[in-house]
Structure formats: C-alpha cells, structure tokens
Protein chains: 2
Amino acid sequence: MAAADVLVVRHSVVSLAVAVLFVTFPHVSATRDPPHETRYFNQYLDHFNYASHGAETFQERVLVSDAFWRKEGPIFFYTGNEGPITSIWNEVGFIKDLAEKFEALIVFAEHRYYGESLPFGETTFNKENMGLLTVEQALADYAVLITNLTASYCEDPDVCPVIAFGGSYGGVLSAFMRLKYPNLVAGALASSANVYMSAGLTPGNELFQDVTEDFRRYNPRCPERVREGFAEMERLAGQGKQGLHEISSRMRLCSPLQHHADLVNMYRWVREAFTVLAMEDLPYSISNGPSLPAYPVNASCDLLLKASDGIEGILQAVGMLYNFTSNLTCFDLHRDFVPCADPTGCSLMPGAQAWDYQTCTEISLLESTNNVTDMFPPDAFTEETRAAHCWQRWGVTPRPGWLATQFWGKDLKPSSNIIFSNGDLDPWRRGGVLQNVSSSIVAMVIEGGAHMMDLRVPNPADPQSVIHVRQQEAYLIGRWIREATNQRE
Amino acid sequence: MAAADVLVVRHSVVSLAVAVLFVTFPHVSATRDPPHETRYFNQYLDHFNYASHGAETFQERVLVSDAFWRKEGPIFFYTGNEGPITSIWNEVGFIKDLAEKFEALIVFAEHRYYGESLPFGETTFNKENMGLLTVEQALADYAVLITNLTASYCEDPDVCPVIAFGGSYGGVLSAFMRLKYPNLVAGALASSANVYMSAGLTPGNELFQDVTEDFRRYNPRCPERVREGFAEMERLAGQGKQGLHEISSRMRLCSPLQHHADLVNMYRWVREAFTVLAMEDLPYSISNGPSLPAYPVNASCDLLLKASDGIEGILQAVGMLYNFTSNLTCFDLHRDFVPCADPTGCSLMPGAQAWDYQTCTEISLLESTNNVTDMFPPDAFTEETRAAHCWQRWGVTPRPGWLATQFWGKDLKPSSNIIFSNGDLDPWRRGGVLQNVSSSIVAMVIEGGAHMMDLRVPNPADPQSVIHVRQQEAYLIGRWIREATNQRE
C-alpha cells in the first residue's frame, strides 16, 4: 500500500493540468479541477472514551468544493487515506467529473495523523500519542463530519445523499463507511480496496506473486532475468564481505552492504520498486513524481532483457523508480526504504510513521516471498516478525483478528450499494473483492487496469475497459442517489 | 430505564422456581432453569486505543449453559444491560425455553462496569477510570466474545448462528449488535428497546405522559387524584418551612424536607414509583423484589381513590413500591432516590453510578413533566440540566447527537432480522420502534403487555397476546437460524 501513496504524493497539479488538455472522456464532461477551499473541523480526539481526553479536540483538514454544487444535490465524500489530502485531491480526477455531472458538493477529508490533521501537533508521533490512530476513530471523524456537512449544507439531509469514495486504503475506508454508517452514506465506490487482505484473510503470498505475474505476462524471460540477478547476488553474498561489496558496487549503492541484514533490506528495496512498477502500470506516462513511462512493466522488462546480466538488469529496472531523474550517482537505501510493518516499506511516504503504526495494530499486510510462486528471494513476513518490529518500534502488539471481527471479514452481504473496482494488473487486487457479493455489492474488474486507475484523472490513452467501468460506476451512483432521494427510476 | 433494573435485580431464583410449577406455555416446553457455569473472559480495556491501555485487559463475567446444546446448534447470546448478569439470568426465562426448542447454547454476557465485570476493580468508579464505559466498547466486548465462542464451540462458525437477545437497554444493545456486527449476529430480539429515545430522537414528554395514561386507562379519576395531591403539596410548600414540614409528615418522610430542592427531589421519588408501577403492570403478582400485586396500576389506583385525600393517596401508591414489606415506619428519600442523568433516578440500581455515567455521555433520557400532558409537577429535564449535573458529578459533557450518528438514528432500514417487541402498557414503548421498518425489521406490540414482558419467565396468567408474540418470535428466530445455516424453508 505504501508505494501507491508515494505516487499519490508526488503527483503535482501541473501534470494534471497538462493531461486535461487531451481529455476526451466520453461519458462525462471534460475534467477540470474545480476551485476548492481548505477548512478545518473540530473533532474529538477520542470518540470512544469520555474521560482520558474528554472534550479535547483536534483540527481535521477538509477540502471542499461547491463549484458544481446544486443546492440539495448529493455530496461526494472522499474518505482520505494515509497521506496529505491535498495530494489525494490532485490524484483523484474522476470524482470531479462525476460531481459536475451530478451537481455534487465535493469533500475530501483528511485522515487523522496524516497531512495537517495531527491530533497532538509536533508530538503526534510520540509513542504515547499514537494510540488514537485507528480505523474506527478515523471513520468516526468522517461520520461526525458528514453529519455536520449535511446539517449545514442541506435543509433536509435526506435529499443530500452522501456517496463515499476512496482508493486503496481509502477505498477500504469508503467500503467500511457503508458497512458501519449506512445512515450517513448511501453508497461507496471502493477502488482497489484490499479489504480482505487488510483483515488478514488472504494467503499472504499473492501480492508478490502477482507482481511477478505482471512481468511474466509481458515476457516470461523477465522474471527469469530477475531470478538470475538475485541468484547471482546470493552466490556473491555467500563469499562474505567481499561478495557484499561487489553487490554494493554493481548495484551502485552509496553505502556498501555490511551485513546479511543489509542485503535483506536491499532485496526488499528492489522488491518494492518492482511492486510500484506493477501497481502503476498505466498506458500513459506520468511525468511528475516517479516519472514513469507508459507501461512501466514493459519498459523495465525491456531494460532487464537488454542488460548484460541479471544484476545489471535489476539495477536498470529499479532505477526507473528510484532514479527517475537520472541525477543520482548512487542509491541511498536508507533514504528510499526503511522497513516497517508494511512489507512494501513505509519510508518514502509522507505518512510513513503513521502507516507503520496502523500496520502494527489493526491493518494486516503479511505478504511474503518464497522464490517459488514469485521471483523474489524468500522473505517470510510472519505474525511473529511483525509483532517483534511493532513491539520494538511502538510498544504495541498487533491484534490480528480484530479487523475481521469489526468489519465483517468476508461476510459483506448484509451491506449494500458498494462497488469494488480493481485493475487486473494491480498486484493488490486479490486482497480485495473480485466477485459480486450480492446484487448491490458488485465487483468490477478493469482489464489492463492498474491500482486505483478508475479514480485517476481520465486520460486519452485510457483503455475502453476503464472508460466502461467508469460509466457503470456513474450509472450505479446515479441510481443510489435517486433511490436515496426517493425518486423512482 | 433505571426502575426496570431495580426489579431485575431484586427478583430471586426462588420465585422463578415457584412460577415454574404452573407454567403451561403452549408453544415450547415448560420453562426450567438450566444449570449454567460462570466463566470469565479476558477483554481489552480499550478496543479503540492501542497506546493508553495497550494490551491491558479485564475480566468479563459470562454465564454459559450447554444444557440444551446440540453441537453445531445456534448460540443464544444475551447482551447484558446495566446490572449484574446473574440477576438478568434470573429475570429472563423465555430464552431458556427457546434454547430448549432450538437446542441452543445459552450465553449471558455481563456489560462492562456492571456486576463483577469491573475493569479497574475497586477504583472502577473513579472519574478517571469511567471513560471506557461506552456502548461501543461494550458491543466490542460482545463481538470479541462471540468470535471466541463460535471458534471454540463450533467447528464451522457458519453452522452456529448467533441470535442476540436483550431487553430494555439490553434490547438496545442487541439491536445495535445486529446493525454493527451482522457478521456475528444473525438476528436480534430487542424487547422494550428504546433505541430512538436513547438517541435523543423523541419529544421528551412521552414517558411520563404514558405513565399517566396507564393510570387514566384504568380509571380517569386516578390521575386526577394524583394531581390533587401534588396541588395540595404545592399549596403547602407555598407556606414555607411550616408547609414543607406538613408535607414531610403526611408523606411519612424520615427526614423533613428543608428546601424547595428537597421537595423537587421528593416529587421525582414519587414519579419514579408511579413509573415502576406502570412498567411492571403485569397480570400476575411478583412476590420477590418489589412484591407487587397483579396489575399494580389498578391496585395502586384503587388505593389512591380509597384514600382520604390526594396526598394520602400518593403515599399509599408509592408505598406499594417503596414499602412493599410494610415494615418501614418512614421513607428515606436519600436511600430510595438519588438524582442522576436518568430522570427516573439511578439510586436503587446496583449499577447506579455506571448508569449515571452512561446517561451523562451517550445515552439521552431527557424526559420531562409539565403537569399538562402528564399528572406530575412540571419538571423540565433539559440538555442544560443534564450537562450541569454531568459536569459536576463526572467532569464530562454529554454528546447529544452522537448515538444517532453512530447507531443510525431512525434510519434502521439498511439492517435486517430484528424484532422490536413492546408492551402497550409499557411507558417506555414510544422510545422504541412501534412500526415495521422493513419486511425483516418488524415491530410487535403485546396488547396489555408490560416492560420486557415477552422475555420474562412464562406465567399461567400470561395473556394470549404475549403467548402469540412469543410464538411469532420463535418462528422468526427459527427462520433466521435456518437462513444462516443455508437451509431452505
């Protein structure tokens, strides 16, 4: 999950503006980024304890745009994920198109402990202040906010139906909002929402298997090349210090690997790069942030195959992410990748510490590699590994079964009006809902689609699949709005 | 709510045993009290904060009976309310009948901060330790407990559907369990569950209006007599100290009223007695606890009318509750009634302090009297009155809108499989759901029924209405069980 948000954050408004020139999204009007204002809402520090923090509050940042708003129209509410909401605002274009179509108020709410919504200011990330970072508290923030919004914007809250939107962890939250607060949210579009994985209900070897599969799909020789590179590194590492130095040199690391632990960390740094390339395997280049070419899996695979050997191939591939500026003379592992309770790392994220804490408590992301079903060196990330890290870093012990208890595990049927959309190139997809749960909890698969692709700013290179999925989404959201306002179809 | 639980607690096993001799409940087999064991489950002190109490736990008391249990059968789970679960076990007979019929495991879970389930032992009721007494924490306890129970008793949790049961505040909790944890609870029987009133969504003058109406229904002269008594007290009180002393003497108070505030308190003490008589207006006598005759409304009304004047009439009526032993020589207001954030008082309850705290934070019970729609002296219990008391007593400020936000207010439709049963003599009934919400959230009204009547131990004097309602409940619960176990009807 971490990687997506690296990108989320790096994307700038500039590139969106450039992209807009070419948009010919056929279903809704051309994307434009509506003006918005930044507001701050008082929220209780602790919704579930009246004594410890009593009436203490913090300020939650919220972006609001009434550019398309027709009085008594719907409210489109983005349930912010693990990063500054301003970055997410820039990333997510589809909601703005939909808002124009439905004359909706747009609200992007920042998740507590991220961006500017820091409950304890500068001391927010002190261990003793982290405990109130939970999914339940964040959802309660959104619930209170929605209650306030409908009360202040709509004379009759029933004619201002709220639709929740979210992608990745934010998609998980938008689905959870519909499960737990259907009184406030008429439906949810949950894009790339790994609800099952987050609750620890998936096998734990699928993420990196599907990263591998993305490369294999383009050319089966690619994952073989990666394996060769890792095998060569393993062989060198077997030679001790000298071998580690040779690996360091060939991988152009700023600081040579000293210990086996450093090597493991470098493997993860490599794995993370392949994961990002697979997640962001879009049919168009993105020139901000990681500056990836169109179809970065194919592009990096080509580099892998052109390289003189496996190690050089891996170097070229990871350079596509970590040295996208081509300015680096060496790679600083400690800058790019600090291990955390998310096996894809947290360190590049602006909300790195907070995300580490979340994956140390409620969110399970126990994804491992085994070099059999995937192309990476064996690296078991177990409940024990996780618990050891979390105790050492935060003094907390994960509660593995809790999220499934609290958010219905795989028994989502009692809910309704949720779209779970996933790109079939997104290696996170098997963490989510890929089959219809009921007639109103539907799975949509975007063929050739990447992580959170449907929510992105529409692009002329979008394949028909994502255009079609967006049309279906618009249709269902329109139906939810009509049903909520008691209009018959 | 308080009053019901006074009774809950006072009822003893002895009387149940006596009642059993006469049971001819036609639908299910004769009631018998199955043997049960007392177990203690570790629960997190705080389900929603990983830092402050981290991994600290407390022990929740749970009563379990497998007397009727067929392996892989259903689990009947009573969501304990504001009192010791042992008392509730004794009070609630219908579940045991049903359990025999459906070969169910019976589980009665004690609510945190009540009975023996005190999170901080002897210091539980210190202000700083009270914050974790919330509906959400209690429901989370039940959710964790159900998860553990199904895991330990059932090989496949799907074939052990759990049905939640509760009465009064416990009924509110059983309904909320179905709203928030339909993954764990296949349906809920919520008897006399004042879900709307608790969330502050009712007008606030209905409870005492309906107490009055219960008396008027038997004889319109009764409420008139009560009014006369209060008018005479008011006249006397207008004479100052001397008048207060005369009231004290005629009402046989142990300590004479000194100030107007004492008089207000005595009025509430009187009002509370009438409320209990109306709630417990059963067609059979209960010889334990308050030792009320059959139809105590009628009986006390007769006393009112036979008395020499209004004050004497009120004295006779309240004596039916407070002097049921006929041993008292005078009434000790401070023993019988201490004001709290529940306008019917908390003081006789074994969980008085905890209930005061709950009505000071999440639970709204802003019931007032006005002497126009009811027979009692005007006594406005406003948000301000409540807030002042709560701040002074606990240092907390109520959050009036929160329960409606969190538990769906009047928008229960997205849920399913809930029975809301109410007796039409129960003055709390208009705080609850009296009309079907959907085809599977149904309201059942027990004609001539009192508070929580359907859950009580069946009695030969039960009217056809309660027998019929219990049959309907058994039918629907059977359907929920079959549906949950994927059996077709």
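Modeller: Happy to! Keep in mind that this is a predicted model. Let's begin in chain B, with a pair of residues that face each other: F420(B) has A443(B) as its bridge partner in strand 8 of chain B. Strand 8 of chain B, which spans residues 441-446, is mostly covered, with five of its six residues buried.

Now move over to chain A and look at strand 7 there. In chain A, F420(A) has A443(A) as its bridge partner in strand 8. Strand 7 of chain A and strand 8 (residues 441-446) of chain A are parallel, with six bridges between them. Strand 7 of chain A also has a partner in strand 6 (residues 187-191) of chain A: these two pair in the parallel sense over four bridges. On that side, the residue opposite I419(A) is L189(A).

How many residues of strand 7 (residues 418-423) of chain A are buried? Six of its six are, so you will find the strand mostly covered.

From here, let's step out to where the two chains meet. There, 37 residues of chain A are in contact with 37 residues of chain B. The area buried between the chains is about 3200 Å², and carbon and sulfur atoms give 57% of that. On the chain A side, F48(A), Y50(A) and R399(A) lose the most area to chain B, together 28% of what that side buries. The count of salt bridges between chain A and chain B is zero, while 14 residue pairs are in polar contact across the interface.

Which helices of chain A each supply at least two residues to the side that touches chain B? They are helix 5 (135-153), helix 6 (169-180) and helix 17 (402-406). Helix 5 of chain A gives the largest share, six residues. Sorted by kind, the chain A residues on the side touching chain B are 18 nonpolar, 11 polar and eight charged.

Technical notes: Residues numbered from 1 in each chain as written. Chains lettered and ligands numbered in written order. Predicted model: local features only at pLDDT ≥ 70, side-chain atom pairs only at ≥ 80, totals over all residues. Heavy atoms only, no water. Contact = heavy atoms within 4.5 Å. Buried area = accessible area lost by both parts, 1.4 Å probe. Salt bridge = Lys/Arg side-chain N within 4 Å of Asp/Glu carboxyl O. Polar contact = N/O pair within 3.5 Å; in protein donor to acceptor, adjacent residues only side chain to side chain. Nonpolar A, V, L, I, M, F, W, Y, C, P; charged D, E, K, R; others polar. Buried < 20%, exposed > 50% of the residue type's maximum accessible area, 1.4 Å probe, protein only. Pairing = 2+ DSSP bridges.
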